[in-house]
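Try each task before you read on.

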Amino acid sequence: MRTRVTDMFGIEFPIFAFSHCRDVVAAVSRAGGMGVLGALNFTPEELEMELKWIDEHVGGRPYGVDVVMPASYEGADLGVDSPADLLARLQGMIPAGHRQFVEDLLARHDVPPLTGDDPGKVLLGWTDVTARPQVEVALRHPIALLANALGPPPADVVEQAHAHGVKVAALASTPRHAVKQVEVGVDVVVAQGTEAGGHTGEISTMVLIPQVVDAVDVPVLAAGGIGDGRQMAAGMALGAEGVWTGSIWLTVEEADTPELARQRILAATSRDTVRSRSWTGKPARLLKNEWTDAWESAESPGTLPMPLQFMLISDALRRIGRSDAGELATFPAGQIIGTMNQVKSAKQVVFDLVEGYVEAMDRLGRISDD
């Protein structure tokens, strides 16, 4: 399989695997694709340790890092350079009514309070101020790709990556977004349809990919509902030069997905996800449950803009994770989970994608011959 992206990164298969788990990233890269580590949840110090581990276990194969540098978010105009100062300013912007709504929701489900002095992670890399240190850490390692998950990355970050010989990718949910990304120098556009897990737009993958391919002259990766080789073949038939995958790695053997969450994903259908602002304040596809339902109910005060929404719920998510209230456990998941009903190794998933792609192309070839 040879496309511009396989040549660009020196990989065997144009399969990009986004995961927050370093074991998955290394396994996919060793199998011939490219693992991409989601940096959002890590402090700069933690990210340094994760990337050092990948360097030692990836076998010299290329890998990438994904950060979140949204073009717009609450507090962007405060002129605050310190993450601690920004956190303090933003905390004061969360209404008391929203805090009470979360407490009442947890109380109805008998979720106990946190114990100990663990402050948790409240702000994460949802802002320019908190994401730039992650970029600096990433560029100290031999990464091949720096990806931005929310809109076009800042032009100076693109320049910084290119100065280190690192290619830049960004996710787009409309052709207009894709054009803006290319204008700031992005090397690869990920056209992500609404079927995807996490932050996603409203246009379906089948409709979006050809529009983005026609709008830009850089390689395009198909994303959103890509879970087997037939879907990979469909995306590439539409003009994509590879695929960007995410949800399918949640249930592989190497993933650090909590067992309760893994079992819920394995049992879910494609109708069990919903686009909701209840996680970050921006529309993201999550596993549908009593948490997402509560934020759509008449009692809901409405969600807050990014990053205030996650700041509001961060302690609640930790409390839920440490309790038996699985009906409230929320996490990003795409519609492809309806076909994810078996635990496999990451290597096997890569090979299944390739095998399914080859079979699909052979079938189309036979139809053409006939």
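**Exercise 1: a pocket and its lining**

In this predicted model, the second largest pocket holds about 590 Å³ of space. Work out which residues sit closest to its centre, and which helix gives the most to its lining.

*Solution.* 
- Step 1: start with the centre. The pocket has 25 lining residues, and those closest to the centre are L150, G151, S173, H177 and K282.
- Step 2: Strand 5 (167-172) and helix 8 (175-183) each do that.
- Step 3: pick the top contributor. Helix 8 gives the most, with four residues.
- Step 4: sort the lining by class.

**Exercise 2: the barrel**

Trace the strands that close into a barrel and say how they pair: parallel or antiparallel? Then zoom in on how strand 4 joins strand 5.

*Solution.* 
- Step 1: follow the order 1-2-3-4-5-6-8-9. These eight strands close into a barrel, and the pairing is parallel. On average, neighbouring strands of this sheet are turned by 25° against each other, direction ignored.
- Step 2: zoom in on one pair. Strand 4 (residues 145-148) runs parallel to strand 5, and four bridges join the two. You'll find A147 opposite A169 in strand 5.
- Step 3: check what lies across the strands. Helix 9 (residues 205-215) lies across strand 5, strand 6 (188-192) and strand 8 (220-223), and runs at about 155° to strand 6.

**Exercise 3: two helices side by side**

At what angle do helix 5 and helix 13 pack, and how far apart are their axes? Find the residues that meet.

*Solution.* 
- Step 1: get the geometry. Helix 5 (residues 96-108) packs against helix 13 (residues 308-321) at an angle of about 10°, and the axes are 10 Å apart.
- Step 2: name the arrangement. Angles under 35 degrees count as roughly parallel, so helix 5 is roughly parallel to helix 13.
- Step 3: list the partners. From helix 5 come H98, R99, V102, E103 and L106, which meet L312, A316, R319 and I320 in helix 13.
- Step 4: class the contact. It has five nonpolar, one polar and three charged residues.

How values were computed
Residues numbered from 1 in each chain as written. Predicted model: local features only at pLDDT ≥ 70, side-chain atom pairs only at ≥ 80, totals over all residues. Heavy atoms only, no water. 1 Å grid on protein atoms, 1.4 Å probe; cavity = no way out; pocket = protein on both sides within 12 Å on 5 of 7 lines; lining within 4 Å. Points joined across faces, edges and corners; volume = space filled by probe spheres on them. Pairing = 2+ DSSP bridges. Axes fitted to C-alpha atoms, helices over the stretch in contact; angles between N-to-C directions. Contact = heavy atoms within 4.5 Å. Parallel < 35°, antiparallel > 145°, perpendicular 65-115°, else oblique. Nonpolar A, V, L, I, M, F, W, Y, C, P; charged D, E, K, R; others polar.
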